[in-house]
Amino acid sequence: MTELLVTLTQDFDPFQTAVLVLIFLFAAIVKGFLGIGLPAASMAFLTLIMPPTEAIPLLWLSILATNALQFAHAPEKREIIQEYWLFALAIMVCIFITSMFIADYPTALLTVAIGIAMVVFSLNLLFPISFDLGPGRGWHLGFGILSGTLGGISSIWSPTVAMYLVARGVSKETFIGATGFLFLAGALPLGAGQLVAGVLTLPMFVKSAFALCVVLVGFRIGEELRAHVSQKFFRKAVLIAFFLMGCRLILSGLN
């Protein structure tokens, strides 16, 4: 315990801590308001001040807790699990395998992967893709593998999940519930993979817990804002910002 306190105090930077609080507060407000976007909003700013391998494990507890809350509030939880269990299983397996090797991936690859995830995420929600997707298990398996692979590398697996659900034309309630379930399903194996990779250390876990405290406040603010702020305007502004930040990350990684 003493060694942990020494490590945390040695690394303490008041300015960086204040910046991190603002980043996680904003990202959580986005998550509470839109139901998605916590990792994307966080990574857009975290990668400006730290390497991806430090930023990604900071998000783990927040991803786990916010999606557990989101799914807990969802109606028809049993039906969602029965419908999307294979999707969730594919995410779990792939996200664990890819996150185990996160410390070995080049920083440029991680940066580009995060950027691509953000660009796809924003474009898909700004210009919803409409194509014929059925409820077949093959679609669930394919999108689950793609989502888990992307999530293990970047901690962002919402783009492909949202793409599938939007293309299916599910109701708003089902969208919120299904995304909560599928993001929650990937959170535990993501943490396990990061633990194996050695990036989710005890000091990092403690920092992730502090981040969670801020995120829970922001998440609640975001939920309250739904009734007072134009969702269309807020959503469009955030998604345009995500698109520009994603492009910056791609260019940064390629250079």
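A crossing of two helices is left-handed if the near helix is turned anticlockwise from the far one by less than a right angle, and right-handed if clockwise. In this predicted model, the crossing of H5 and H10 is left-handed, and the crossing of H7 and H8 is left-handed as well.

Two packed helices are described by the angle between their axes and the distance between the axes. The table gives these values for both pairs.

| Helix pair | Axes come within | Crossing angle |
|---|---|---|
| H5 (residues 60–72) and H10 (residues 172–197) | 8 Å | roughly 150° |
| H7 (residues 107–126) and H8 (residues 137–154) | 9 Å | roughly 130° |

**H5 and H10**

The axes of H5 and H10 cross at roughly 150°. Angles over 145 degrees count as roughly antiparallel, so H5 is roughly antiparallel to H10. On the H5 side, the contact involves Trp60, Ile63, Leu64, Asn67, Ala68, Gln70 and Phe71. These meet residues of H10, including Ile176, Gly177, Phe181, Phe183, Leu188, Gly191 and Gln194. By class, 12 residues of the contact of H5 with H10 are nonpolar and seven are polar, with no charged residues.

**H7 and H8**

For H7 and H8, the axes cross at roughly 130°, which makes H7 oblique to H8. Helix H7 contributes Leu110, Ala113, Ile114 and Ala117 to the contact, while Leu150, Ile153 and Ser154 come from H8. Six residues of the contact of H7 with H8 are nonpolar, one is polar and none is charged.

Technical notes. Residues numbered from 1 in each chain as written. Predicted model: local features only at pLDDT ≥ 70, side-chain atom pairs only at ≥ 80, totals over all residues. Heavy atoms only, no water. Axes fitted to C-alpha atoms, helices over the stretch in contact; angles between N-to-C directions. Helix = DSSP H or I, 4+ residues; strand = E, 2+ residues; numbered from the N terminus. Parallel < 35°, antiparallel > 145°, perpendicular 65-115°, else oblique. Contact = heavy atoms within 4.5 Å. Nonpolar A, V, L, I, M, F, W, Y, C, P; charged D, E, K, R; others polar.
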